[in-house]
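This briefing concerns the structure shown below.

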Amino acid sequence: MPFARLNRATTPTAHIGLGLAAVGRPGYINLHRDRDLPADRSADALRARTHELLDAAYAQGVRYFDAARSYGRSEEFLADWLTARPDVTDVVIGSKWGYTYTADWRVAAEAHEVKDHSLATFERQRAETAALLGERLDLYQIHSVTADSPVLSDKDLHARLAALAAEGTTVGLSTSGPAQADAIRAALAVTVDGEPLFRTVQATYNALETSAGPALAEAHDAGLTVIVKEAMANGRLAGTESPAVVQEIAAEAELGADAVALAFVLHRPWAGVVLSGAATVTQLAGNLHAPLLDLDADRLDRLDALVEEPEAYWRHRSSLPWS
């Protein structure tokens, strides 16, 4: 497992990863992108921003970087950065397939990405990812699997994914939606020749949406590496957008609300990597203070009161505009 590299790291930030969804394309659903990104959202401008973030993250101990075929040109930007820094050999690189980016580098688009978990899409996108990241790719995940996804029962696809794993690339999946726990448990049951297929799972978990927690604990106990995304709920748990209790704890600790949100997830014993989705170096620096925060029982109880019903959480998320 490539994630053993993180276990050898000595920095407290080694288990915080940098996700590139917010900077690999001009449009996304995080709040306040108008002030987080430059007015110029050309490919060159976002390439420069991505490289700036990657440099800052690596310098501060971050060792996992997360991209996807549907994150615009994130794989390309990441590949360029890796090529320019051949001495960077201690990072773990993950990407995802299953969505095709369709916004044509526009913020306003009828469809920003199209989902297709077919074997044909896997073969096409695997070749596209390989052309960019080559042997630097450590982890390839199925993007946004739901409990009813045919990908969980496609034996031909499972065989191809197992072959990819035999070649040295770890195979995982990400989940989304109010029934993430069902998807995770179904994935744990997928085997090829008697061996579990998936070795990682990436899921949404934060102070507002904790429903996947028990299933993620089961995945961890089964030997999977758990990667947590959207720890700040697309900006709802950061800055002045965050609930009062988050801001109160942040003030007590003299840290930002974003650090509180990330610390809440880092506190879970099953969380292997927690992603920062920072779009600026300043945001990243604030995120990386999370390991410093002591969340005692009182603070955790106060944060636990924020939990929403999964259906309500995901309904709100689906209403967020691309900007």
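A search of the whole structure, a predicted model, finds 10 aromatic pairs. Rings of Phe, Tyr and Trp (for Trp, the six-membered ring) pair if their centres lie within 6.5 Å, and planes under 30 degrees apart count as stacked, over 60 as edge-to-face and the rest as tilted. Because the model is predicted, local features need pLDDT of at least 70 and side-chain atom pairs count only at pLDDT 80 or more, while totals for chains, interfaces and linings use all residues. Residues are numbered from 1 along each chain as its sequence is written, and side-chain values use heavy atoms, with hydrogens and water left out.

**Aromatic pairs**

- The ring centres of tyrosine 58 and tryptophan 81 are 6.3 Å apart and the planes stand at 65°, so the pair is edge-to-face.
- Tyrosine 58 belongs to helix 3 (residues 43-59) and tryptophan 81 to helix 4 (residues 74-84), so this pair ties together parts 23 residues apart in sequence. Helices (H or I, at least four residues) and strands (E, at least two) are DSSP runs, numbered from the N terminus.
- Tryptophan 81 has a relative accessible area of 0% and is buried; buried means under 20% relative accessible area, exposed over 50%, and partly exposed in between (1.4 Å probe, protein chains only).
- Ring pairs join Tyr58, Phe65 and Trp81 into a cluster.
- For tyrosine 205 and tryptophan 270, the ring centres are 4.9 Å apart and the planes are at 90°, so this pair is also edge-to-face.
- Tyrosine 205 lies in the loop between strand 10 and helix 8 (213-221), and tryptophan 270 in the loop between helix 10 and strand 12, so that the pair links distant parts of the chain, 65 residues apart.
- Tyrosine 205 and tryptophan 270 are both buried.

**Pockets**

- On a 1 Å grid over the protein atoms alone, a pocket is an open set of points where a 1.4 Å probe fits, with protein on both sides within 12 Å along at least five of seven lines; lining residues have an atom within 4 Å of a point.
- The largest pocket has a volume of about 1,000 Å³, a volume being the space filled by probe spheres set on the points, which are joined across faces, edges and corners.
- Its lining comprises 47 residues, with Tyr28, Asn30, Glu230, Asn234 and Gly235 nearest the centre.
- The second largest pocket holds about 180 Å³ of space. Of its 16 lining residues, Phe3, Asn7, Leu224, Thr225 and Gly272 are the closest to its centre.
- Helix 1 gives the most to the lining of the second largest pocket, with three residues.

**Helix 13**

- The buried residues of helix 13 are Pro310, Tyr313 and Trp314. They span an arc of only 90° around the axis, which puts them on the same side of helix 13; the arc is that of the directions from the helix axis to the C-beta atoms.
- Exposed residues Arg315 and Ser319 sit on the face turned away from the buried side of helix 13.
- The cover over the buried residues of helix 13 includes helix 7 (180-188) and strand 10 (200-204), where contact means heavy atoms within 4.5 Å.

**Individual residues**

- Glutamine 125, in helix 5 (residues 119-133), is buried at a relative accessible area of 2%.
- Glutamine 125 and arginine 69 are 56 residues apart in sequence and 7.1 Å apart in space, C-alpha to C-alpha.
- Arginine 8 lies in helix 1 and counts as exposed at 60% relative accessibility.
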